[in-house]
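Open the viewer and get ready to select residues. This tour moves from the whole chain to single pairs of side chains.

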Amino acid sequence: RFWITVRRCEKTIQHLPAIATEHLPLVIPPDHELAKFSKHRLFIKLCRHQEYYIIIRLQENKCEIIPSYYLMTVAPQPLEDDLMEQKVEGSVMDTELPKTYLKIVDFATLDNFISTHGPGTEIECERQGLGKKRKVLTHGDTGIKKVKYTGFFISEVSHIVAMCDERIPYATLCRELNKKDVCHNGIQIEGHGSNYHVKIVQMPVPDVNEMDTFTALNSALLSCTIRLNGKGARTWFVEFVFCNCPVPSTCSKEQGPCRALHYNYDFGAGTSKQVTEMVDEMLRDWNIMGHLYKVVLEFASALKHDQHNMFPSLMEVKTFSYRRIVLGYGPNKTNMVNIYWNPSDKRYHLGFGVVGQTVSASNPHTLVASQLQHEFNQHLSIMTLMQGLHETYAPLLSINRLPTISELGVIHSRPAVPVQTFVTSPQTSTHFRVVYRNLFCLDIECRPEGLVAIRDGAYSVFDKQRAVEELSAINSIKAFLSKFVDETATQARRRSQTEDENPLSPVPTLDSMDSGFLSVSGQVKPGSPAQCRSQESVSSTTGSGLRFHLPMTPPSGSNPHTPASPHTSVLSQQGYGASPNPSFSLASPPSLGSQSQAQHVSPSPSILHVQAQSPGNLFSANSPANPLHVPSPSFLPTPSPSSQVPMQSPATANFMNQQAHGDGGSPFAAPASAGNLSMSSPAPGAWPGSPSVPRPSPRPTGTAQSPGSSNHPALHSPQAISASDHSKAPGVSAISSSRAIHCSWQAGTPTLLTHKSFDLLCSPGAITSTQPASPAVGQNQFHTSPLERFLGCCYMRKSLGRVIQTENLMSLSTTEVGVTLFKTETLQCRVSLNPQTLQSLHLKLTPNPEYKDQWTDNELQVIERYFDTKVVSIPYKPNALLAFGRLLNAPLRIFKDCIHIMHLEMVPDRTLKWAIQWCLTIPPAAPQIAPPGMSAIVFLKDKMLFFAQLTRIGLNLAPGVEPQTVVFAAVYDIKMNTTTVPDSRREALPVSPTDPIYIITSMLKRFAEYNPNPNECSIYPAIRELLSNLVVPI
């Protein structure tokens, strides 16, 4: 009977995920209950739970077999020496089991009645059919009908095995939840007994510092249910249901009062370790939701207080899933920012992308993603983040238009080394440094109100006298940027460039002052500026139209008690006095007033916030921005030696009418003599801490104006710009480069551009205007931006200086800005930037007096046009300029032949078979005489090496068929007057008679033998012979 019962149990579970065996390699302690079992027992291994076994113990009671059920948890255990004395079960081990011993971890008894009589355990009855008539129950009728099974099936065994297989994972889950202090309702049964589930009553608070946030999130949590789904690859399914979502979204799945959030976790083998990992992952996701909920609550509060309804124009919430929030911004809201909490590094992370049709293939903020992420973790404000994204989107989109590809041939000595064209190095989310060819640097800063501040990044903000190492100053950068200044937008901002960097002076408005203060004869006792703060008034000035106090020139750093100079618009009003006391020389000399008004104004020695210099540094200071300025000894009680120097006041009519700056570009007037090097200090008065002795003025040589002058484009206020300075193009300034300041401290001062002007600066396009008498630029200039063209010209100008030194050209001095002068044996050369665009270089040739008869105007125009279109154009190769410099320094008869070849290149002769292109750099297809990219023109002793490319013309080719091209090198022997192909390196190689180089070599040798005119240079006749008669087999 025992044997038959065991067979029946094995037959019952054959379709369940379990394996029955009568023996196990168990290490059983002597006092364990299992040691008291008889041999009539059966071990059932649950395949889904490798650690669990069901033991069926068979006992006989009055000719009846009574089964008892036990649940056992085991763990692998090797057989050690100290366990040899214990009883070992199973001498004959099953080959299907691992050959390790098992240790009993847990042992529990299963109640037969409870296991088979719970909810959804109708194993011995079936419901009446729904279509049948309900049976009337009598007193002894229970309404249960016995189910007929086969003789071998034991329903109780199958139900207990299936129940344990389903409940074991949930029991392990509940045990782990208890360990994590997660309050739950235990294992519950779904409706109709379909599945088990565990409901979470309240989630824990993982971070004590965020107690309020997690409390609010728990209040919004309606339910949290954990289920185990799937039959094959099983997964934990966790459902969170929230209400009262703080922010609405445009996602169609997130509409309605409740939000359901689903998580799936890997079930694996269902071991305790894997269940523990699942609970940890669930709590980690809860932590993610809590931290994101914190910033979303603050964001929702900001939206409620959006009185001006700015939110719809800046952004929109695409989706909020409590795990992450995705917001759209930019045009059509197609740029995305994804905000989520990363629990591993305990920081918020930002992800950027695009969706739909966008202007750029990628999100421009990807460039500053790390900076934005760092700043967001500091302020934790989504509204602040979106405001910054809105203000920096247009500038970053413009910066992304700049090419970032690597170019070859940039380094003259190593042309094979690639150099990136533009490299953008973000300093902050609003501050970038753009480096061009590892040489020039632009410092770009995004400002509010749609403005961008640009300055030469080679200069430090602390020392504007010298450039940073490994970077070069950009000449004429201020004049170039001034051409893109939108004066209309800048004027609407009502703050000049200098005023934006300095706060408004704490002085009362003119309407609140006594009229005697404004008169020259007023004898009002002046007070400290610090005492005037209580007298400020909010009233606006009717004449100037300003809403705020009139900006004042900051006081001198060496004398903090010196009052600030008023705004230039105030100086133009009638009856305005220079200072509270005529003895004080405080006001800056204006340029907007009339001559009569100017006579009533005394210039201030503290113009543009300049520190007064010591007398020892008086004659060596070059700029008012010198950081080495120290307070003058004239502030000491003892008289300064400088007080014995004769001085005169510059408050004269000539001082007020100066119209130009000197070479130094300082805003201070230049003296006419050594005796004019210092300015008298204000006379002694009642001003607290006023200097009692004269002190020198910190002005170098050269003439200058007040910062408020309309003729000072770098330092003027926007209100001081006249209408005549505006460009014909809308919103773009057309200030002449001769009026711009070209000095170091001026280049380090930012220039304000609007987003539209900055985009025009960085976007590829044709040059809008050219010099009236200059030749047209190359066609490839259309595919470059104005900034790249300007920086390329600056790069070529810098390379030109090196060419002048290395090729023994005579450099000439000049005072013109943006002009390089040098001379050769026969010509005087002038290389200059186009004064209207500053985006192209032009060469102007003038024959030397002794060689004037040997040059024609046509030849000079060919050289100038070739220089403009072929030498200093895209891609701005310095070795091309070196090759052209060698041609300029070549003997006259050789240079004349080269000019003819240049003319043939720019104006091909259609009567010839081939067109020629003069190679200024060695192309990759050329014979391997020198590395590609090096200068293609070399003079060595009495020989000249050059390269050229021939292109077949005059043939009607099918569409898509490229014409024949041949690149060859030629050597001109100056003494022998022969032009041949260098073949010393081709002797070892087998040469085919159809090889183009072989054919060219033969033709040039034959031409050298039968040269019809040996007295003239043979370069041009030999090349023309090739162009006329060369035949290369296809």
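How many helices and strands are there in the protein? Colour by secondary structure to see 23 helices and 32 strands. Keep in mind that this is a predicted model. Of the 1034 residues, 49% count as buried. Now show the surface. The accessible area comes to about 50,800 Å², and carbon and sulfur atoms hold 53% of that.

**Stop 1: helix α1**

Select residues 2-12, which make up helix α1. Its buried residues are Phe-2, Thr-5, Val-6, Cys-9 and Thr-12. Why are they on the same side of α1? Look down the axis: they cover an arc of only 125° around it, so they share one side. In an α-helix there are 3.6 residues a turn, so residues three or four places apart point the same way.

**Stop 2: aromatic rings**

The structure holds 24 aromatic pairs. Select Phe-480 and Phe-790. Their ring centres are 4.2 Å apart and their planes stand at 0°, so the pair is stacked. Phe-480 belongs to helix α9 (residues 477-482) and Phe-790 to helix α18 (residues 786-806), so to speak two distant parts of the chain, 310 residues apart.

Move on to Trp-918 and Phe-946. This aromatic pair is stacked, with 5.4 Å from centre to centre and 15° between the planes. Trp-918 counts as buried at 3% relative accessibility, and Phe-946 counts as buried at 1%.

**Stop 3: salt bridges**

There are 23 salt bridges in the structure. Pick Glu-210 and Lys-294, whose side chains meet at 3.1 Å, N to O. Glu-210 sits in the loop between β9 (196-202) and α4 (211-220), while Lys-294 sits in helix α5 (residues 272-304), 84 residues apart. Glu-210 is buried at 14%, but Lys-294 is partly exposed at 31%.

Jump to Arg-401 and Asp-759, a salt bridge of 2.9 Å, N to O. Arg-401 is in the loop between α8 (382-400) and β17 (406-407), and Asp-759 is in helix α17 (residues 755-762), 358 residues away in the chain. Arg-401 counts as partly exposed at 34%, and Asp-759 is partly exposed at 23%.

Now try Arg-437 and Glu-407, which form a salt bridge of 2.9 Å, N to O. Arg-437 lies in the loop between β20 (431-436) and β21 (440-447) and Glu-407 in strand β17, so the pair ties together parts 30 residues apart in sequence. Arg-437 is buried at 5%, and Glu-407 is buried at 14%. Then select Arg-48, Asp-165, Glu-166 and Arg-234: salt bridges with shared partners join them into one network.

**Stop 4: a surface patch**

Which residues form a nonpolar patch on the surface? Select Leu-955, Leu-957 and Val-961, with about 250 Å² of accessible area together. Val-961 is in the loop between β30 (943-952) and β31 (965-973). Its relative accessible area is 45%, so Val-961 is partly exposed.

Note on methods: Residues are numbered from 1 along each chain as its sequence is written. This is a predicted model: local features need pLDDT of at least 70, side-chain atom pairs count only at pLDDT 80 or more; totals for chains, interfaces and linings use all residues. Side-chain values use heavy atoms; hydrogens and water are left out. Patches are made of residues with over 30% relative accessible area and no salt bridge: like charges are joined within 9 Å, nonpolar side chains (Val, Leu, Ile, Met, Phe, Trp, Tyr) within 5 Å. Accessible areas come from the Shrake-Rupley method with a 1.4 Å probe; for residues, only the protein chains shown count as cover. A salt bridge is a side-chain nitrogen of Lys or Arg within 4 Å of a carboxyl oxygen of Asp or Glu. Helices (H or I, at least four residues) and strands (E, at least two) are DSSP runs, numbered from the N terminus. Buried means under 20% relative accessible area, exposed over 50%, partly exposed in between (1.4 Å probe, protein chains only). The arc is that of the directions from the helix axis to the C-beta atoms. Rings of Phe, Tyr and Trp (its six-membered ring) pair if their centres lie within 6.5 Å; planes under 30 degrees apart count as stacked, over 60 as edge-to-face and the rest as tilted.
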